[in-house]
Amino acid sequence: MSVVTDLEKLLTEERALLLAGDYAGLDGLIERKSKLEQRLAEKKPDLPVEAYERLTQKAKHNEALLEAAQRGLHSAMSQ
């Protein structure tokens, strides 16, 4: 599989965990995600622009979900 495909699958898995509220499951993705990001950085010049933009969009969406979850947890803890 290509690094793009692998990273897309991981980002989809990450999104599912975030939407399910399975934050403990995210721990298992950290090392895999880091390795894939390193591979992507090495291949970035060879990536089609569309693939890079698609990955960036998925990552930004997941980041927004994570930030919303963090805000919710902080709010719940402060009450």
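Modeller: The model is predicted: local features need pLDDT of at least 70, side-chain atom pairs count only at pLDDT 80 or more, and totals for chains, interfaces and linings use all residues. Residues are numbered from 1 along each chain as its sequence is written, and side-chain values use heavy atoms, leaving out hydrogens and water.

Colleague: At roughly what angle do the axes of α1 and α2 cross?

Modeller: Helices are DSSP runs (H or I, at least four residues), numbered from the N terminus. Axes are lines fitted to C-alpha atoms over the stretch in contact, with angles from 0 to 180 degrees between N-to-C directions. The axes of α1 (residues 3-20) and α2 come within 10 Å and cross at roughly 155 degrees. This makes α1 roughly antiparallel to α2 (over 145 degrees; roughly parallel is under 35). The axes of α1 and α3 (residues 49-78) also come within 10 Å, crossing at roughly 20 degrees; α1 and α3 are therefore roughly parallel.

Colleague: How many salt bridges are there?

Modeller: Side chains of opposite charge can pair when their charged atoms come close. The rule asks for a side-chain nitrogen of Lys or Arg within 4 Å of a carboxyl oxygen of Asp or Glu, and the count comes to six. One of them joins Asp6 and Arg39, with the closest N and O atoms 3.5 Å apart. Asp6 lies in α1 and Arg39 in α2, so this pair ties together parts 33 residues apart in sequence.

Colleague: Which side chain does Arg54 meet in a salt bridge?

Modeller: Arg54 pairs with Glu8 at 2.4 Å, N to O. Arg54 belongs to α3 and Glu8 to α1, 46 residues away in the chain.

Colleague: Is Glu8 buried or exposed?

Modeller: Buried means under 20% relative accessible area, exposed over 50%, partly exposed in between (1.4 Å probe, protein chains only). Glu8, at 15%, is buried, whereas Arg54 is partly exposed at 38%.

Colleague: Where do Lys35 and Glu31 lie?

Modeller: Both are in α2, four residues apart, about one turn of the helix. Lys35 is partly exposed at 47%, and Glu31 counts as exposed at 54%. Elsewhere, salt bridges that share partners join Glu8, Arg54 and Lys58 into one network.

Methods
Helices (H or I, at least four residues) and strands (E, at least two) are DSSP runs, numbered from the N terminus. Angles under 35 degrees count as roughly parallel, over 145 as roughly antiparallel, 65 to 115 as roughly perpendicular and the rest as oblique.
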